Amino acid sequence: MKVNANTMRPGHVLEHNGKLWVITKTAIVQPGKGGAFIQLEMKDVRTGNKSIERFRTQETVERARLDEHEMTFLFAEGDSFTFMDKESFEQVSIPRDIIGEPAVFLQDGMEVTVQSHEGSPLGVEIPGKVTLLITESDPVVKGQTASSSYKPAKLENGVSILVPPHIEAGTRVVVDTASGEYVERAKD
């Protein structure tokens, strides 16, 4: 599907020079002389090579059509994560580098959206927030109440985050999967 180049955003997939590219960064540049252009930092889906391309803002580019499947996370084995299609019950194994940083927040039975192109997975979209248990937290240092202070804590999946002083070990908290930051105490 042809789209205007200036509508491209990070995460979009486009076909360029016979390859599939995932956009990682965009910037609209307006030089002092000449017309404005959009600069796209892209990563080749198959090889992982990075490239920077420039398009005039009125140019059109070919956006790839992606299939989205609702899947359930089953288990992790090394650097491979196994998901099951909710409709066909087919199991798919996806490497960690396709999932990226949010892979540490995957939990058994979690519902995710897997994006694929011609049968090969390109990305996994996990829920925006997850609820996890705090396994370790440092004691509160008295006298640090003048400013908003945070203390380090370790989650059940091994990730360290900063939490407010009133959060103790054994407390369930909500964590933002995109930034890895504390959101709130769980309401369950």
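Rings of Phe, Tyr and Trp, the last taken by its six-membered ring, pair if their centres lie within 6.5 Å; planes under 30 degrees apart count as stacked, over 60 as edge-to-face, and the rest as tilted. I start there since the aromatic rings are my opening topic.

First, the ground rules. This is a predicted model, in which local features need pLDDT of at least 70 and side-chain atom pairs count only at pLDDT 80 or more, while totals for chains, interfaces and linings use all residues. Residues are numbered from 1 along each chain as its sequence is written, and side-chain values use heavy atoms, with hydrogens and water left out.

Back to the rings. The count comes to 2 aromatic pairs. For Phe 73 and Phe 81 the ring centres are 6.0 Å apart and the planes stand at 45°, so this pair is tilted. Ring pairs join Phe 73, Phe 81 and Phe 83 into a cluster. On accessibility, buried means under 20% relative accessible area, exposed means over 50%, and partly exposed is in between, with a 1.4 Å probe and protein chains only. Phe 73 is buried at 4%, and Phe 81 is buried with a relative accessible area of 4%.

Next, the sheets. Helices (H or I, at least four residues) and strands (E, at least two) are DSSP runs, numbered from the N terminus. Two strands pair if DSSP finds at least two bridges between them. An open sheet of 6 strands has antiparallel pairing and the order β1-β6-β2-β3-β4-β5. The edges are β1, residues 2–4, and β5; each has a single partner strand, so one side of each lacks a neighbour in the sheet. Neighbouring strands here are turned by 50° against each other on average, direction ignored; axes are lines fitted to C-alpha atoms, for helices over the stretch in contact, and angles run from 0 to 180 degrees between N-to-C directions.

Now through that sheet by pairs. Strand β2, residues 13–16, and strand β6, residues 60–63, are antiparallel and share 2 bridges. There Glu 15 stands opposite Glu 62 in β6. Strand β3, residues 19–29, runs antiparallel to β4, residues 37–44, with 8 bridges between them. Ile 23 is opposite Met 42 in β4. β4 also pairs with β5, residues 50–56, in the antiparallel sense over 7 bridges. In that pairing, Gln 39 has Arg 54 in β5 as its bridge partner. β4 and β5 make a hairpin with 5 residues between them, and Gly 48 in the turn has a positive phi of about 85°.

What is the order of the strands in the open sheet of 5 strands? The order is β14-β13-β12-β15-β16, with antiparallel pairing. Its edge strands are β14 and β16, the latter at 182–185, and each pairs on one side only. β13 and β14 run antiparallel and are joined by 4 bridges. Lys 154 has Ser 160 in β14 as its bridge partner.

On to charged pairs. A salt bridge is a side-chain nitrogen of Lys or Arg within 4 Å of a carboxyl oxygen of Asp or Glu. How many salt bridges does the structure hold? It holds 6, and I will go through some of them.

Asp 44 forms one with Lys 19, the closest N and O atoms being 3.9 Å apart. Asp 44 lies in β4 and Lys 19 in β3, so the pair ties together parts 25 residues apart in sequence. Asp 44 counts as buried at 3% relative accessibility, whereas Lys 19 is partly exposed at 41%.

Arg 96 and Asp 79 form another, with the closest N and O atoms 3.5 Å apart. Arg 96 is in helix α1, residues 96–99, and Asp 79 is in the loop between β7 (67–77) and β8 (80–85), so to speak of sequence, 17 residues apart. Arg 96 counts as partly exposed at 32% relative accessibility, and Asp 79 as exposed at 54%.

Lys 151 forms a salt bridge with Glu 168, the closest N and O atoms being 3.7 Å apart. Lys 151 sits in β13, residues 151–155, and Glu 168 in the loop between β14 (160–163) and β15 (172–176), 17 residues apart. Lys 151 is buried at 6% relative accessibility, while Glu 168 is partly exposed at 40%.
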